[in-house]
Structure formats: C-alpha cells, structure tokens
Amino acid sequence: MTGGAGYIGSAIALALVDAGHDVVVLDDLSAGAAEAVVGARLVVAGIDDRAVLDRELPGVDVVVHCAARIVVAESIADPLGYHDANVARTIALLRACVDHGVLRVVQSSTAALYAEAPSLVVDEEAPIAPASPYAAGKAMVERILLDAGSLGLRSLVLRYFNPLGADPRGRVGMRGERGSHVLERLRGAWAERTPFTITGVRWPTRDGSGMRDYVHVWDLAEAHVAAVERFDDVVAHGSRVVNLGSGAGTTVRELVAAFEHVVGGRLEVVEGPPRPGDVAGARTTIDRARDELGWTPRRSLEDAIRDALAWAARDGAPATSQDDGLG
Ligand SMILES: NC(=O)c1ccc[n+]([C@@H]2O[C@H](COP(=O)([O-])OP(=O)(O)OC[C@H]3O[C@@H](n4cnc5c(N)ncnc54)[C@H](O)[C@@H]3O)[C@@H](O)[C@H]2O)c1
Ligand SMILES: O=c1ccn([C@@H]2O[C@H](COP(=O)(O)OP(=O)(O)O[C@H]3O[C@H](CO)[C@H](O)[C@H](O)[C@H]3O)[C@@H](O)[C@H]2O)c(=O)[nH]1
C-alpha cells in the first residue's frame with residue numbers, strides 16, 4: 001500500500017496486518033513517520049519511483065493507494081505542485097501497476113469532492129463539485145481509474161468523510177501538527193484552558209453550527225480490510241465508488257457536548273465566523289458500504305474522542321495552538 005506511514009494509512013496497514021495480510025508500505029515519509037508503520041515492511045520511496053515499483057509490485061494482489069498531499073489551503077497556494085503530487089504521480093504508479101499485471105486498486109478519495117447538498121445528506125450518486133485543487137485532483141484520479149478500466153484495471157474508490165480517533169489499542173494515531181482539525185482544536189482548548197471557537201453559527205443545520213459525518217479511523221481501516229478481501233465480489237470490472245462515514249451527522253455543538261462528556265468537564269466556547277471555504281457539511285448514507293463491503297461502523301463518536309485523547313497523551317504530542325493559520 002502507499003501512504004502507510006500517514007494517519008489513515010498507518011491504521012489501514014495495521015488493520016490489514018491484524019487480519020493476517022502481508023503488507024508492504026511504500027511511503028516517502030514527506031508527511032508520515034517510519035514509527036507509524038507497525039508490523040508491515042516499509043519501503044521509503046515515492047509512488048512514482050519506477051525502479052522500486054518494478055522490484056516491489058510483482059506478486060502484489062491489491063494496491064491500496066493512500067499517499068497524497070492533503071492540505072486544502074496548501075493546494076490553493078500550489079495547485080501545480082498538488083496536481084503533480086496527487087495526479088501525475090498517481091498516473092506513474094498506475095502505469096507500473098498495469099505493466100506488472102497488478103490490476104486491483106483501492107483508492108483513498110474524499111467527501112470534499114461533493115457539491116453542497118441542501119438536504120445535508122449525500123450518497124455515491126450525489127453531484128460532485130470539487131472546490132479546491134486538492135479535491136479536484138481526487139476527482140481527476142477517480143476519472144483516470146474509470147478510464148483505465150479499458151486496460152483491465154479494476155478500482156474500488158473509497159470516499160472518506162471525517163476521520164477521527166486512533167487505534168483503540170494505542171499503536172497508531174495522528175502525528176504532527178493538524179492544527180485546523182476540529183478535534184485537535186478541542187484538545188488544545190481543553191489542555192491550555194483557552195476558549196474553543198465554533199467557526200460559523202448560521203449554517204442551515206439544526207443548531208446553526210457546521211455538520212460533519214465523523215467516522216472512527218479504526219472503522220475506516222476495517223472497511224479497507226473488507227475492501228481488500230471482497231474486492232473481486234465488489235468490482236467485477238471497471239470502477240466502483242463507496243462512501244465511508246458513520247451515517248450520522250454531528251454538529252460542532254454536539255461534538256463539543258460529546259467532548260465534554262468524555263473529559264468530564266466544560267469548555268469555554270465562543271462563536272466566530274466561518275473559515276474561508278467552509279461549508280455547512282453533510283452526512284453520508286452507508287447502504288452501499290453495508291451491502292457491498294459488508295461493513296458497518298461499530299464505534300461511537302465518544303469512542304473516537306476517547307481513543308484520540310489516549311493516543312495524544314501516550315504520544316506526548318504537544319497541545320496544538322489556536323492560531324496556526326491552517327484551514
Ligand atoms: N484526513 C482526512 O480528513 C481525509 C479525508 C478524506 C480523504 N483523505 C485521504 O486519505 C489519505 C490519507 O490521508 P491522511 O490524513 O492519512 O494523510 P497523511 O498526510 O497523514 O498521510 C499521507 C501519507 O502519504 C505519504 N506520501 C505523500 N506523498 C507521497 C508520495 N509522492 N510518495 C510516497 N508517499 C507519499 C506521506 O508521507 C504520508 O505518510 C489521502 O489520500 C487523503 O487524501 C483524508
Ligand atoms: O476551531 C474549529 C475548527 C473547526 N470547526 C468546525 O468543525 C467542523 C470540522 O472541521 P475540520 O476542519 O475538522 O474538518 P473539515 O471537514 O472542515 O475539513 C477537513 O476535511 C476536509 C476533507 O473533507 C479537508 O481535508 C480539510 O483540509 C480538513 O480540515 C467544521 O464544521 C468546522 O467549521 C470549529 O467549529 N472550530
């Protein structure tokens with residue numbers, strides 16, 4: 001798999017190892033950490049390193065392609081760099097896969113490519129309207145995978161909603177600075193006894209704050225185990241898209257309440273304007289994931305918060321600052 005030294009990829013790799021699979025992680029460590037690779041073999045290289053791909057691809061059953069640059073704001077500042085990293089290098093990877101007859105790809109995609117949905121619910125057929133080079137690159141890769149079906153390549157495109165949490169057994173979790181991530185903001189506010197700002201309180205949601213579909217990262221990882229194991233049943237040919245979320249929408253105010261319940265205390269909450277590019281949000285339906293992958297999320301929002309806090313405490317990670325300019 002690619003990107004297996006990152007936040008989500010390290011969970012996927014470990015869940016695959018737990019399930020008894022042989023996993024090779026290809027990661028250039030541009031954002032990931034070697035220590036995040038547990039139980040799998042790490043190959044430090046770019047996804048377009050042809051010599052490495054020629055050595056490693058023979059015998060691979062499924063490529064799980066998770067590597068990407070992921071910072072939306074950075075993609076707006078550096079669109080060519082993002083399309084090079086996420087689109088051009090993916091083409092190089094896919095070319096090597098086809099050349100070696102490795103014709104099953106599980107692709108990490110994102111809910112960020114959906115158009116805003118007035119109903120606040122999307123399924124896989126909902127219209128897409130990527131609003132950043134990051135999301136547009138993901139949409140382009142989805143299209144390239146579809147087109148590569150004529151070469152015999154089959155792909156299972158998994159569009160993630162908002163991952164939270166860490167391995168419930170504490171082996172992997174989020175590393176480094178993710179200052180804009182709402183749970184990191186909540187954790188920082190709690191640790192430093194500073195106010196938590198709700199960014200936007202006039203959205204068309206039940207309480208005015210932004211809504212997201214938060215999914216436990218270990219549930220997400222288990223969905224990939226199902227994707228790998230059921231690949232041939234789900235994708236007979238061409239490309240199939242499956243959304244991965246909890247199926248429930250949670251507003252920021254509800255998330256704050258869940259956080260307070262887990263930590264057993266109150267946060268000081270202030271209301272602020274939306275961040276640039278913010279959206280009301282949406283939840284996904286999870287019928288297709290259930291029917292085709294045989295997967296349903298098993299962990300609650302509070303489980304995710306608890307696991308993230310336990311991981312952060314164990315990792316010795318510093319509380320994030322409130323004004324790092326991300327997001
Ligand atoms: N985190 C989210 O909220 C979210 C939401 C939807 C989709 N996704 C997708 O999930 C995937 C993983 O995201 P994440 O949050 O774990 O990010 P991350 O930055 O933690 O992990 C990405 C990993 O890819 C590696 N990488 C990047 N470019 C590479 C290259 N050219 N060659 C080899 N390795 C490379 C990095 O070193 C890192 O280990 C990405 O494809 C992302 O687009 C993430
Ligand atoms: O200090 C904060 C930070 C966030 N929020 C709110 O919390 C929710 C979640 O915010 P996140 O930034 O955690 O998640 P987003 O879905 O807004 O965006 C995230 O997921 C996207 C993909 O879906 C991109 O990856 C993006 O870079 C990443 O920040 C939003 O309603 C946001 O307005 C606050 O109220 N206060």
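Helix 6 (182-192) and strand 8 (196-199) each supply at least two residues of the shell around ligand 2, helices (H or I, at least four residues) and strands (E, at least two) being DSSP runs numbered from the N terminus. The model is predicted: local features need pLDDT of at least 70, side-chain atom pairs count only at pLDDT 80 or more, and totals for chains, interfaces and linings use all residues. Residues are numbered from 1 along each chain as its sequence is written, while chains are lettered from A and ligands numbered from 1 in the order in which they are written.

**Ligand 2**

Begin by selecting ligand 2 and the 20 residues around it, of which Val72, Ala112, Val182, Arg185 and Gly210 come nearest; a residue is near a molecule if its C-beta atom, placed from the backbone, lies within 6 Å of it. Strand 8 gives the largest share of this shell, three residues. By class, the shell around ligand 2 has seven nonpolar, ten polar and three charged residues. Here Ala, Val, Leu, Ile, Met, Phe, Trp, Tyr, Cys and Pro count as nonpolar, Asp, Glu, Lys and Arg as charged, and the others, Gly among them, as polar.

**The two domains**

Next, colour domain 1 (7-164 + 213-244) and domain 2 (182-212 + 247-285 + 299-315); the bounds come from an automatic or database domain assignment. Both domains give residues to the shell around ligand 2, so this ligand lies between them. The C-alpha centres of domain 1 and domain 2 are 26 Å apart. Their contact takes 18 residues from domain 1 and 20 residues from domain 2, with two residues in contact if their C-beta atoms, placed from the backbone, lie within 7 Å. On the side of domain 1 that touches domain 2, select strand 5 (121-122), strand 7, strand 10 (214-216) and helix 7 (217-229), the elements that give two or more residues.

**Ligand 1**

Move to ligand 1, which has 27 residues around it; Gly3, Gly6, Ile8, Gly32 and Ala68 come nearest. Helix 1 (7-18), helix 4 (79-99), strand 4 (104-110) and strand 7 (162-164) each supply at least two residues of this shell, and the largest share, three residues, comes from helix 1.

Finally, select strand 6 (residues 154-160), which seven bridges join to strand 4. In strand 6, Arg154 is the bridge partner of Arg104.

How values were computed. Two strands pair if DSSP finds at least two bridges between them.
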